[in-house]
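Subject: Structure for you to look at

Hello,

Here is the structure I said I would pass on. Please open it first, then read the notes below.

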Amino acid sequence: MSALQGTRILLGITGSIAAYKAAFLTRLLVRAGAEVRVVMTPSAARFISPLTLSTLSQHPVMTEIMDEGQWNNHVEMGLWADRIVVAPATANTLAAMANGLCDNLLLAILLSARCDVLVAPAMDLDMWAHPATRRNMDTLLRDGVKLIPVGDGELASGLVGPGRMAEPEEILRFLIDDLRPARDLAGKTVIVTAGPTQEALDPVRYLTNHSSGKMGVAIADELARRGANVRLLLGPVEVRPQQPSVSVIPIVTARDLLRAAEQEFPSCDAAVLAAAVADYRPATEAREKIKKTGDNETLSLDLVRNPDIAATLGATKRKGQILVGFALETTNELAYARKKLEAKKFDMIVLNSLRDPGAGFAGDTNKISLVYPSGEPVTFDLKSKADVAKDIVNALAALL
Ligand code: CTP
């Protein structure tokens, strides 16, 4: 069977000189078995004739938001597609997408779409590097749009650098990978720890941190999508996994987390420890609310060390069990990561630096490096947490 048999692809073409390559892409998609509908922005039609695309896709090309009798075709097309690919995507269209504008049919479809959207940008290197384009791209990644990386080479302007559209063959490959229901982790059991812990001080107060749990939950979802049995040991956060097969074990304190992890770990193939565990907890939990006393301007808290879940699991892990840790650092990132890798017997550590904009706790994007006991670290671009989860799970699958 062809790779894209029966898949509904909506190809959006915008006004770049790379639009001519959209003809090759359309042909590749049709050959791969996809059902292709083409939407062009008005300026795209100045670079390549809609007739070429309608001939290749075997369907009329849509350009107008108000084609007769079809005023709501943007909603229909948004629901019809399994994937929308915008190729080429100009700086202007990326800016419009990032801001939710909808003054042409393609933009209106994108706002109505329920499927995943992929963009293959094409522009001059300075436009690609411009802070406004960077900002727009970050927003789109945060919204879950997938970036088909730009090529580096000779540009239509004569300049040389990053900004050219990925080749049609690369776009096709990206799309096939994106659609493949890889169930390569079927039969594997993985525990994921995620979110913060809360350490009570008295009945109304606790110590905690800014962890949102988003990265760990995205990893749990990706593992489940690939067929793994996932047990998510999740601290007190709002976010929940989307995959119904993930079994969520709620925890509050580091000691809860240790108990749950020790119970689950022996039957697991791997553990991904993304939780931001409080290293210390109040030495005693007051039974009653702690009151202000007299004129005291200061108050000291006695803290005691919490159990280290990662180190505990590292000390008991069987041959073949894989432990993945996280390190969030602000300085000397790599040296600290290596130290943790060794101390806790991790097989891989996911390093984020708070110095990288867009990385870390609260946001929807992250920028990571994977550090191993030997060899060079592997560094990735800034991506949505869902895409970062894919990179981490790919690396874990390779270790398993
Ligand atoms: N971890 C854990 N149990 C703890 C503390 C951390 O399992 N009590 C895990 C985290 O989930 C993460 C890794 O260990 O995978 C982080 O390492 P750690 O040395 O604890 O990081 P920090 O607490 O940030 O250490 P430091 O304060 O020394 O930077």
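Gln58 lies in the loop between α2 (50–57) and α3 (73–80); helices (H or I, at least four residues) and strands (E, at least two) are DSSP runs, numbered from the N terminus. Its phi is positive, about 65°, although Gln58 is not a glycine. Gln58 counts as exposed, at 60% relative accessibility; the classes are buried (under 20% relative accessible area), exposed (over 50%) and partly exposed (in between), with a 1.4 Å probe and protein chains only.

Before going on, some ground rules. This is a predicted model, in which local features need pLDDT of at least 70 and side-chain atom pairs count only at pLDDT 80 or more, while totals for chains, interfaces and linings use all residues. Residues are numbered from 1 along each chain as its sequence is written, and side-chain values use heavy atoms, leaving out hydrogens and water.

Lys345 also has a positive phi, about 60°, and is not a glycine. Lys345 sits in the loop between α12 (333–343) and β17 (348–353) and is partly exposed, with a relative accessible area of 47%. A cis peptide bond, with omega about -5°, joins Ala87 and Pro88; Pro88 belongs to strand β3 (residues 83–89). Most residues other than glycine have a negative phi, and most peptide bonds are trans.

Now the domains. The chain is divided into domain 1 (8–179) and domain 2 (189–284 + 297–399), with bounds from an automatic or database domain assignment. Their centres, taken over C-alpha atoms, are 36 Å apart. Domain 1 puts 5 residues into the contact and domain 2 puts in 7, where contact means heavy atoms within 4.5 Å.

How much area is buried between domain 1 and domain 2? It is about 490 Å², and carbon and sulfur atoms give 56% of that. Buried area is the accessible area (1.4 Å probe) that two parts lose on being put together, summed over both. Leu141, Arg142 and Lys146 supply 76% of what domain 1 buries against domain 2, more than any other three residues.

Between the two domains there is 1 salt bridge, meaning a side-chain nitrogen of Lys or Arg within 4 Å of a carboxyl oxygen of Asp or Glu. Lys390 forms a salt bridge with Asp178, and the closest N and O atoms are 3.9 Å apart. Helix α7 (residues 131–142) gives the most to the side of domain 1 that touches domain 2, with 3 residues.

Regards
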